[in-house]
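Morning, everyone. Have a look at the model first.

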Amino acid sequence: MFTLSEENYLKAIYHLELDTVKGISTNAIAKKLETKASSVTDMIKKLSEKEVVVYKKYKGVKLTSLGKKTAASIVRKHEALGSFLVDKLNFSWDEVHDVAEQLEHIKSSKLVEQLDAFLGFPSHDPHGDPIPDKEGNLKTIDKSLLSTLLKNESGICIGVDDSSSEFLKFLDKKGITLGQQITVLEKEDFDDSVSIKVDDKKLSISNKIANNLYIKKYEYLQPNSSALSVFWRYFNLVFYI
């Protein structure tokens, strides 16, 4: 059994490991959890004793296979609860993170399995992030930042890099959500701002916004008619996400 604090550390290390094959520094963990490096050092000792992490001086921290499974279980619980809150209880995607954070520490593996089955075994959470399997493995997604798309390129919005409530509220105001078709109309050389069409609505967004939206690009065909556009949008959602 693990304390709430220990689970938060395991989850933080798990997410940090997704971006590197190297060990995770105590400073990186401290930054992720907004705590002191000395506190991280104390916790790593406790987690090492429970055989869920290994720490080597100058090489950082890595999860053991047990640690990876434990962290994945916490993450899967968080994502399953998040999906349930959005899909069934009508929470907005900017509200769901904080509530799921509180609920993810419930000690019931049966709850996760039942929720997973009830929701049809979703592969992604409400923010578009892939949900790990029981072993902690993630399905890779072919995705691009909106800022990298060229003029007249299109795709489906499949996720966000910044999942803060402030950013998600901003997207709600702009009417940008997962599953929408986005087409780049124009890119400004001066400030890298982007003019886009979201479904049938035209918007102008900053480069910062474009750098936080993930898109699944249309690889083989650019839709011209509205009927083809609808077909292509859902074809991509079903077969690529």
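Which helix gives the largest share of the lining of the largest pocket? It is α1, with 7 residues. Keep in mind that this is a predicted model.

Now the pocket itself. Its volume is about 1500 Å³. The lining counts 48 residues. Closest to the centre sit His-15, Leu-18, Lys-32, Asp-129 and Ser-163.

Who else contributes? At least two lining residues come from each of α1 (4-17), α2 (26-33), α4 (65-87), α5 (96-103) and α7 (165-174).

On to the helix pair. Two packed helices are described by the angle between their axes and the distance between the axes. Here the pair is α1 and α2, with axes that come within 10 Å. The crossing angle is roughly 115°. The range for roughly perpendicular is 65 to 115 degrees, so α1 and α2 are roughly perpendicular to each other. As for handedness, α1 passes α2 in a right-handed crossing.

Which residues make the contact? From α1, they are Asn-8, Tyr-9, Ala-12, Ile-13, His-15 and Leu-16. From α2, they are Ala-28, Ile-29, Lys-32 and Leu-33. By class, the contact holds 7 nonpolar residues, 2 polar and 1 charged.

One last link between the topics. His-15 and Lys-32 are among the residues closest to the pocket centre. His-15 of α1 and Lys-32 of α2 also take part in the helix contact.

Notes
Residues numbered from 1 in each chain as written. Predicted model: local features only at pLDDT ≥ 70, side-chain atom pairs only at ≥ 80, totals over all residues. Heavy atoms only, no water. 1 Å grid on protein atoms, 1.4 Å probe; cavity = no way out; pocket = protein on both sides within 12 Å on 5 of 7 lines; lining within 4 Å. Points joined across faces, edges and corners; volume = space filled by probe spheres on them. Helix = DSSP H or I, 4+ residues; strand = E, 2+ residues; numbered from the N terminus. Axes fitted to C-alpha atoms, helices over the stretch in contact; angles between N-to-C directions. Parallel < 35°, antiparallel > 145°, perpendicular 65-115°, else oblique. Left-handed = near helix turned anticlockwise from the far one by under 90°. Contact = heavy atoms within 4.5 Å. Nonpolar A, V, L, I, M, F, W, Y, C, P; charged D, E, K, R; others polar.
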